[in-house]
Amino acid sequence: MRESKSFLEQCEEDKKWFEDNFDNLRKKYGKRYLAILRAEVLDYDRDRGRLLQRMFGNDCIGGFYLADLRNRPKPPQDIDSTIYEMAA
């Protein structure tokens, strides 16, 4: 039995969680970018660059899924979201 998921497997789960919870997340956070890891919003901001600066400055995080609440998600292959993995 595998003990942990790969980073990409985790991001796929986080992407699905984001899609499934889009309406509730939009009500709570408005039209912002979200940094998501393990179905948890780690941080959010209206400015993508500021959010990325904060997240890249956080040494304890190995990577995260960046979701965009400005527009409703399109079919999975077209979602305007990005996966970020920190250099080890």
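How many salt bridges does the structure hold? The structure holds six, where a salt bridge is a side-chain nitrogen of Lys or Arg within 4 Å of a carboxyl oxygen of Asp or Glu. This is a predicted model, in which local features need pLDDT of at least 70 and side-chain atom pairs count only at pLDDT 80 or more, while totals for chains, interfaces and linings use all residues. Residues are numbered from 1 along each chain as its sequence is written, and side-chain values use heavy atoms, with hydrogens and water left out.

View A. Glu12 and Lys15 form a salt bridge with an N to O distance of 3.6 Å. Glu12 is partly exposed at 44% relative accessibility, whereas Lys15 is buried at 16%; buried means under 20% relative accessible area, exposed over 50%, and partly exposed in between (1.4 Å probe, protein chains only). Asp20 and Lys16 pair too, at 2.8 Å, N to O, and they are four residues apart in H1. Of this pair, Asp20 is exposed at 52% and Lys16 is partly exposed at 46%. As a handy reminder, an α-helix has 3.6 residues a turn, so residues three or four places apart point the same way.

View B. The side chains of Asp43 and Arg54 come together in a salt bridge of 2.7 Å, N to O. Asp43 belongs to strand S2 (residues 40–45) and Arg54 to helix H3 (residues 48–56), so the pair ties together parts that are 11 residues apart in sequence. Asp43 is buried, at 18% relative accessible area, and Arg54 is partly exposed, at 35%. Through shared partners, salt bridges join Asp43, Asp45, Arg50 and Arg54 into one network.

**View C. Leu51 and its neighbours.** Leu51 is found in helix H3 and is buried, with a relative accessible area of 0%. Leaving aside residues up to four places away in sequence, Leu51 touches Tyr33, Leu34, Ala35, Asp43, Tyr44, Asp45 and Leu66; contact means heavy atoms within 4.5 Å. Leu51 and Tyr33 are 18 residues apart in sequence, and their C-alpha atoms are 7.6 Å apart in space.

**View D. The largest nonpolar core.** A nonpolar core is a set of buried Ala, Val, Leu, Ile, Met, Phe, Trp, Tyr and Cys residues joined through side-chain atoms within 4.5 Å. The largest one has 10 residues, among them Phe18, Ile36, Val41 and Leu69. Helix H2 (22–29), strand S1 (33–37) and strand S3 (63–68) are the elements that each give two or more residues to this core. H2 gives the most, with three residues. A second, separate core of seven residues includes Ala35, Leu52, Met55 and Phe64.

View E. Phe22, Leu25 and Tyr29 are the buried residues of H2. They cover an arc of only 65 degrees around the axis, which puts them on the same side of H2; the arc is that of the directions from the helix axis to the C-beta atoms. Their cover includes H1, S1, S2 and S3. On the other side of H2, Asn24, Lys27 and Lys28 are exposed. Just after H2, Gly30 takes a positive phi of about 70 degrees.
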